[in-house]
Amino acid sequence: MSEQAAAVEIKGVSKVFKGGTTALTGIDVEIHPGEFVSLIGPSGCGKSTLLRIVGDLIAPSEGQVVVNGKSAHRARLDRDYGIVFQDAVLYDWRTVSKNIALPLEMGGWDRRRRGERVREMLQLVELEGFESHYPWQLSGGMQQRVSIARALSFSPALLLMDEPFGALDEMTRERMNAELLRIWEETRSTIVFVTHSIAEAVFLSTRVAVMSARPGRISTVIPIDLPQPRTALTREAPRFFELVTAVREALHLGAEVEPAA
Amino acid sequence: MSSVAVQPVPRGGMARMVGRRVTDWLPAAIVLVLGLVAWQGVVTVLHVQRFLLPKPTQIASTFWTDRHALWSAGWFTFQEALGGFVIGSGLAIVVALVLARWRPLGSALMPYAIAANAVPIIAFAPITNAWFSPLNKSSKMAIAAVLCFFPVLVNTLRGLTSVRPSSIELMRSYAAGELEIFRRVRIPTALPYIFTSLKVASVLAMIGAIVGEYFGGSIEALGVQIKNSASLFQFEVAWAAIVVACILGIAFYLAVALAERLAMRWQPAQGRE
């Protein structure tokens, strides 16, 4: 794995906002193709900011980000990644199909190919029969599945997810976690996933990057050696609990270091 | 998939929609009828002078006998209102697009736009009459256009700039440029705001045209007829002309509301909860 070119390379990134707040400092991470890396940390630790820097939606104050071997800026212009936000961010005036097809339209796909692709995506996120519904007619979980389908529709090698299940109830969230892993298996994409749920991070990831706040930095990276594919049983395995404990302790350690920083 | 409550796509038959409308409108219709009966009764019983308040039946009969003159005057004034509406609203939308695209320009100009909006525009009617000649439709269109301009400008600008940041981030993640963001996100987001202001503007345009006519205008114009018949103590004619103005104003408003419904078919039916 280490022989391959990195999918995302974050080198010495820091971010100081206009007011002088240091959101991030000295971030170095390398993410390999096919990995599922979670960024976890207390609110205000800059994990969403880091994700946006990777997506070239925010510019870093220092350091650089390489995505698929090119600058983050170039990668954005080349539409190298798909993004999913905490809210589904669906356009109210577009049907489910048309929301999913949005990146395809913008990428200049013709109507026939778009139609085929949208059908595949609807199948992937199990929303067949809802193609002509409008967003307001869907539940929160269904909206988020549309948003995932939209992000995956143009087969980006990299998927950036900013607390995508944060607004969902626990039951829906666990189901969405399982679906996401299934989709990840099928598409073999690289995923960078921001969350503040320890269990979610451990269940989903191949590695968990634990962040601490003020200034935001990565305090520990914990490899998650749970066997694939992960199922409902994974959540009951002793190893799962050990890893949850390890992440929790790393988070607390980060919090204790905070006053000294 | 566990059962998730999903509302059906609102695509009721036309007949059912009309049926629902009838029950919706019934209370208002009853109030109208009762109001007219009360009006007639009060005027008859208290012997109210004709120039103070004519009976509804008198107004109705004038409305019928003078119908050709009234409707032709109404049509004349409506053209002025429509022209002013199109010019004023169209210009306002264009200006709003420019101000939303170049924000610093917006912050430099909006305070003056808002201040200018506080000026009683109607007071300019004699001036536009002087500019365009009172007999010309343009002078009334100018008043109507100015009245329409500000509400449409302010609302359109608010709509164009009230897009959620994540909606913009999504577009940027697809490498979209400013023009594409306007076309695909900002303008559709602004549509409800634009139509709300257009409905206001449609009413203002009628008011602007009629009031403009009070300061002088062609004898064919509704406002001129209202003013003249009132000064000749033909109050039934004045009232009938006001009814014509009301009907045209309401029709104008409903036409804009219909356009809104057609342009925003994605929205849930505005039925009661």
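## Close-up views of chains A and B

**View 1. The contact between chain A and chain B in the predicted model.** In this predicted model, 34 residues of chain A are in contact with 27 residues of chain B. The two chains bury about 2,800 Å² between them, with 60% of this area coming from carbon and sulfur atoms. On the side of chain A, the residues that lose the most area to chain B are A:W93, A:M106 and A:W136, which together account for 25% of what that side buries.

**View 2. Polar and charged pairs between chain A and chain B.** Across this interface the rule finds 2 salt bridges, including the one between B:R184 and A:E105, in which the closest N and O atoms are 2.9 Å apart. Between chain A and chain B, 7 residue pairs are counted in polar contact, both residues being at pLDDT 80 or more. The elements of chain A that each supply at least two residues to the side touching chain B are helix 2 (72-77), strand 6 (81-84), helix 3 (96-106), helix 5 (140-152) and helix 6, and of these helix 3 gives the most, with 4 residues. By residue class, the side of chain A that touches chain B divides into 17 nonpolar, 4 polar and 13 charged residues.

**View 3. The two domains of chain A and the interface between them.** Chain A is divided into domain 1, covering 1-80 + 157-261, and domain 2, covering 89-155, and the centres of these domains, taken over C-alpha atoms, are separated by 25 Å. In the contact, 14 residues of domain 1 meet 14 residues of domain 2, and the area buried between the domains is about 1,200 Å², 66% of it on carbon and sulfur atoms. The rule finds 2 salt bridges across this interface, one of which joins A:E179 to A:R145 with the closest N and O atoms 3.8 Å apart. On the side of domain 1 that touches domain 2, strand 7 (158-162) and helix 6 (170-187) each supply at least two residues, and helix 6 gives the most, with 7 residues. The residues of that side of domain 1 comprise 8 nonpolar, 1 polar and 5 charged.

**View 4. The helices of chain B.** Chain B has 10 helices and 0 strands. Its radius of gyration is 23 Å, well over the 19 Å that the globule rule gives for 273 residues, so chain B is more spread out than a compact globule. Taken along the principal axes, the C-alpha atoms of chain B fill a box of roughly 75 × 55 × 30 Å.

Definitions and conventions. Residues numbered from 1 in each chain as written. Chains lettered and ligands numbered in written order. Predicted model: local features only at pLDDT ≥ 70, side-chain atom pairs only at ≥ 80, totals over all residues. Heavy atoms only, no water. Domains from an automatic or database assignment. Contact = heavy atoms within 4.5 Å. Buried area = accessible area lost by both parts, 1.4 Å probe. Salt bridge = Lys/Arg side-chain N within 4 Å of Asp/Glu carboxyl O. Nonpolar A, V, L, I, M, F, W, Y, C, P; charged D, E, K, R; others polar. Rg over C-alpha atoms; globule rule 2.2 N^0.38 Å. Polar contact = N/O pair within 3.5 Å; in protein donor to acceptor, adjacent residues only side chain to side chain.
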